[in-house]
Amino acid sequence: MQHDGVGGACFSCGRPWGNGCACQFCNQMAGCPQGVTLSSSVRRLGAHLVDGVLCLVTCVIGWLIWSLIVYGNGQTPAKQLMGMRVVNLATGTRAGWGRMFVREHLAKLLIGLLVGWLVLPYFWLLWDKNRQELWDKLLDTAVVDDPEGQVTSTPQTEIRYVEQPYRPPQLPPSSEQPTPWGRQPSGSDRQGEQGGYPPYPPPPPPPRR
Ligand SMILES: [Zn+2]
């Protein structure tokens, strides 16, 4: 089967996917097994906090050793406790040890030096459509909720994330037939959802001055 990426109907809930790496309705992550969802901003920011606390209470060194052990699973200590995982956006596989090491130590350091460590880099995900931090963008990663460890190191589905051009919200495919006057139904035409379109032409355009 050929897939040119997501963009049509969600393979988990069947509703229109939307424009990002995860379904706009159920948060199913592209390229990942069904049920693996893009982590919410609240959980992402919570994990930053938990990592910070763990780092302090283990005098940094404990957190560091723990990190080096779990990086191979695409996790940090907080992500392991919270059932979250860093995935490779292009393949839907878990981020490997090398990518995690670069993400956590080199990319965060570099971005911290360039734009400062405080508000901006950590809150970037709030306005990013894929809830990516700047270091996620640098390394092409995203963070998912995967408490059962369904995301492995091999791709699980052919349905990958490919950056989609902006498209306005669409109705499900069943009601997407062209009307007699060739106009496509749009998201605001709620009556088209159930029983098609009335067979009259649109009103004539207003007279031009
Ligand atoms: Zn969905």
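Predicted model: local features only at pLDDT ≥ 70, side-chain atom pairs only at ≥ 80, totals over all residues.

Student: In what order do the elements run from the N terminus?
Tutor: They go β-α-α-α-β-α-α-α-β-α.

Student: What share of the chain is buried?
Tutor: Buried residues make up 27% of the 209 residues.

Student: And what fraction of the contacts with a separation of 6 or more link residues 24 or more positions apart?
Tutor: That fraction is 59%.

Student: Which residues of β2 point which way?
Tutor: Met84, Val86 and Asn88 point to one side, while Arg85 and Val87 point to the other, and all of them are buried.

Student: Does β2 run parallel or antiparallel to β3?
Tutor: Antiparallel, with 5 bridges joining β2 to β3. One example is Val86, whose bridge partner in β3 is Val143.

Student: Now the largest nonpolar core. Which residues touch the most other members?
Tutor: The core has 26 residues, and the ones touching the most other members are Cys21, Met29, Ala30, Val87, Ala142 and Val144. β2 and β3 each supply at least two residues of this core.

Student: Val87 again! What does Val87 touch?
Tutor: Leaving out residues up to four places away in sequence, the contacts of Val87 include Met29, Cys32, Gly74, Arg94, Ala142, Val144 and Val151.

Student: Switching to helices, how does the reach of α1 sit against what's expected?
Tutor: Helix α1 covers residues 41–57, 17 residues in total, and reaches 24 Å from first C-alpha to last, close to the 24 Å expected at 1.5 Å a residue.

Student: What comes after α1?
Tutor: Cys59 follows α1, and its phi is positive, near 55 degrees.

Student: Last one: where is Val162?
Tutor: Val162 is in the loop between β3 (141–145) and α7 (192–195).

Student: Why is Val162 classed as partly exposed?
Tutor: Because 13 other C-beta atoms lie within 10 Å of Val162, whereas buried takes 20 or more and exposed means 12 or fewer.

Student: How far is Val162 from Ala30, in sequence and in space?
Tutor: They're 132 residues apart in sequence and 9.0 Å apart in space, C-alpha to C-alpha.

Definitions and conventions. Residues numbered from 1 in each chain as written. Helix = DSSP H or I, 4+ residues; strand = E, 2+ residues; numbered from the N terminus. Contact = placed C-beta atoms within 7 Å. Expected span 1.5 Å × (residues − 1). Pairing = 2+ DSSP bridges. Core = buried A, V, L, I, M, F, W, Y, C linked by C-beta atoms within 7 Å.
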